[in-house]
Amino acid sequence: MRTLTEETLAVVLKPLPPALPPGAEVALEATVQGKPERVWAEVAGRILALTPVGEGVYRTLAVVEGQGTLEIKVVAEGQGERSETTALLTLRPGPLATLQASPALLDPGEEVRLEARLLRRANRVEVRLGPMVLPLERVDDFTYRGTFLAPKTPGAYELELYLDGVRTHSARIRVRD
């Protein structure tokens, strides 16, 4: 039998999303009890160091690849002790970002608010409508926002979201007569 104390090394991984598409980044955040000398994750054969971000909290971002179920292991070592935990993450095809335009039904010239939610970091995030290119402003590593005025001509329009020059997602708006 082993007695657990405040100094005993223990690691708990924050819950992962239910599923992600290949190429997405997942935040691995672990709470570690005790005094670890090293904390790391093993993801698809790669070793990734987790860095301290608060008292007993360690974090890193990992790019996930493949299909099916991915096992993620987080390990803490220190003072001759080792503690580990594992979690499973489902990988399935899907967009690496989503674009939301609101309102979706507008009057000609009305302001459209755009929000892009990313599943991986990008250097350049923009929305295209025909020849118009609108760079979105960074809110945080995974959220970008912007606004523009709806076209004056009534009809349906497709707004295309590009991450680093690659079309990733789209949203539709309709301008009333």
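Author: Let's begin with a facing pair of residues: R113 stands opposite T147 in β16. Before going further, please keep in mind that this is a predicted model, in which local features need pLDDT of at least 70 and side-chain atom pairs count only at pLDDT 80 or more, while totals for chains, interfaces and linings use all residues. Residues are numbered from 1 along each chain as its sequence is written, and side-chain values use heavy atoms, with hydrogens and water left out.

The strand β16 covers residues 143-149, and T143 belongs to it. Here a strand is a DSSP run of E with at least two residues, numbered from the N terminus. One partner of β16 is β12 (residues 111-118), and the two pair in the antiparallel sense over seven bridges. Two strands are said to pair if DSSP finds at least two bridges between them.

Another partner is β15 (residues 137-140), which pairs with β16 in the antiparallel sense over three bridges. A hairpin of two residues joins β15 to β16. Across this pairing, D140 stands opposite T143 in β16.

Now let's stay with T143 for a moment. T143 counts as buried because its relative accessibility is 4%; buried means under 20% relative accessible area, exposed means over 50%, and partly exposed lies in between (1.4 Å probe, protein chains only). Leaving aside residues up to four places away in sequence, T143 touches E115, A116, R117, E137 and R138. Contact here means heavy atoms within 4.5 Å.

Four strands form an open sheet in the order β1-β3-β7-β6, with antiparallel pairing. β1 (10-13) and β6 (51-54) stand at its edges, each with a single partner strand, so one side of each has no neighbour in the sheet. From one strand to the next, the twist averages 35°; axes are lines fitted to C-alpha atoms, and angles run from 0 to 180 degrees between N-to-C directions.
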